[in-house]
Amino acid sequence: MEREIEILRDWIDKSDNIVFFGGAGVSTESGIPDFRSQDGLYHTKYKYPPETIVSHTFLTRKTEEFFDFYKEKMVAPVLTAMPNAAHEALAKWEKEGKLKAVITQNIDSLHQKAGSSEVLELHGTVMKNYCINCRREYSAEYVVNSKMVPRCEICEGLVRPDVVLYEEGLDMEVVNKAIQYISSADVLIVGGTSLVVYPAAGLIQYYKGNKLVLVNLSETSQDKNADLVIHGKIGEVFSKL
Ligand code: NAD
């Protein structure tokens, strides 16, 4: 692995057009569980897999079960989490003028907490919530502290997360911006994602360069197409760069 890290260090040193595309694995070292790892959210007490619960159908038809899972597993851990070495390295490269954008499937806003400013949140963020009737905005704390289903203080409407749930479409403005960054990137680093959640995972197909780097604990379907593959914990790997 040391040899691969050395190659990546060299590519990063020489580039001023790095783009990062990441997923839940970027935040596991901050204590936020991902979906598919051994201790991920697929292995919990809940009757349904996380992707079934965090869906539009569940929000509308099984609203209590949705918020039971969402508040405990997806919001509460985020409120106390701190960025790790991966988030910090990315923020530093942006400040040095080397990294153009972070494109993330995460909804924890830890990149912003680390100091990154150009962050494209493909799936939104748990930090923003709104009433589906009057659009009044609410904090993540309001949602977590509400009894069962969060309701609007003004009109009693359902307060939902500004997160793209399964069965819901992505914001095309964010997607198009992500495509622009990826298609013109010199180095594309893809980290902490199983690359199975579409359409987000499909965005890396727009990369045209010859420095596609995958940093992931486990193998992914894209390992064979990458120019450099590093299997390891992304925080540990990035702290060596
Ligand atoms: P995933 O759970 O499907 O895959 C995570 C991948 O990261 C796995 O391949 C795993 O091996 C790898 N991984 C775990 N810890 C790692 C580490 N320390 N270093 C490197 N790799 C590591 O996650 P996904 O691909 O992002 O897709 C799941 C969906 O769930 C996304 O849409 C995302 O929005 C959502 N999600 C987000 C969060 C979050 O915001 N932190 C947490 C859970 C799920």
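# Briefing: pockets, sheet and selected residues

The lining of the largest pocket is made up of 21 nonpolar, 14 polar and nine charged residues. The model described here is predicted. Elsewhere in the model, six strands form an open sheet with parallel pairing. The points below take the pockets, then the sheet, then single residues.

**Largest pocket**

- In total, 44 residues line the largest pocket.
- Those that lie nearest its centre are G23, A24, G25, D34 and F35.
- Among the elements, helix α4, residues 63–80, gives the most to this lining, with three residues.

**Second largest pocket**

- The second largest pocket holds about 240 Å³ of space.
- Its lining counts 17 residues, and E121, G124, T125, D162 and D171 lie nearest the centre.
- By type, the lining of the second largest pocket divides into seven nonpolar, four polar and six charged residues.
- Strands β3, β4 (124–131) and β6 (159–163) each supply at least two residues of that lining.

**The six-stranded sheet**

- The order of the strands across the open sheet is β3-β2-β1-β7-β8-β9.
- At the edges stand β3 (119–121) and β9 (228–231); each has a single partner strand, so one side of each is left without a neighbour in the sheet.
- On average, neighbouring strands of this sheet are turned by 15 degrees against each other, with direction ignored.
- Strands of a sheet pair through backbone hydrogen bonds, in either a parallel or an antiparallel way.
- Helix α5, residues 85–95, lies across β1 (18–22), β2 and β7 (187–191).
- The direction of α5 is at about 145 degrees to that of β2.

**Strands β4 and β6**

- Strands β4 and β6 run antiparallel and are joined by five bridges.
- One of the paired positions is C131, whose bridge partner in β6 is V159.
- Strand β6 is mostly covered, with four of its five residues buried.

- L110 belongs to helix α6, which spans residues 110–114.
- The relative accessible area of L110 is 0%, under the 20% limit, so L110 is buried.
- Leaving aside neighbours within four places in sequence, L110 is in contact with S27, S30, I32, A81, M82, P83 and H87.
- L110 and V26 are 84 residues apart along the chain, while their C-alpha atoms are separated by 9.5 Å.
- S109 lies in the loop between β2 and α6.
- With a relative accessible area of 15%, S109 is also buried.
- The phi angle of S109 is near 55 degrees, a positive value in a residue other than glycine.

**Other backbone features**

- Most residues other than glycine have a negative phi, and most peptide bonds are trans.
- E167 has a positive phi, near 85 degrees, and is a residue other than glycine.
- E167 sits in the loop between β6 and α8 (172–183).
- At 58% relative accessibility, E167 lies over the 50% limit and therefore counts as exposed.
- The peptide bond from Y198 to P199 is cis, and its omega is near 5 degrees.
- P199 is placed in the loop between β7 and β8 (212–216).

**K211**

- K211 is found in the loop between β7 and β8.
- Its relative accessibility of 22% falls between the limits of 20% and 50%, so K211 counts as partly exposed.
- Not counting residues up to four places away in sequence, K211 touches W11, D186, V187, L188 and D227.
- K211 and G192 are 19 residues apart in sequence, and the distance between them is 17 Å, C-alpha to C-alpha.

Technical notes: Residues numbered from 1 in each chain as written. Predicted model: local features only at pLDDT ≥ 70, side-chain atom pairs only at ≥ 80, totals over all residues. Heavy atoms only, no water. Pairing = 2+ DSSP bridges. Axes fitted to C-alpha atoms, helices over the stretch in contact; angles between N-to-C directions. Contact = heavy atoms within 4.5 Å. 1 Å grid on protein atoms, 1.4 Å probe; cavity = no way out; pocket = protein on both sides within 12 Å on 5 of 7 lines; lining within 4 Å. Nonpolar A, V, L, I, M, F, W, Y, C, P; charged D, E, K, R; others polar. Points joined across faces, edges and corners; volume = space filled by probe spheres on them. Buried < 20%, exposed > 50% of the residue type's maximum accessible area, 1.4 Å probe, protein only.
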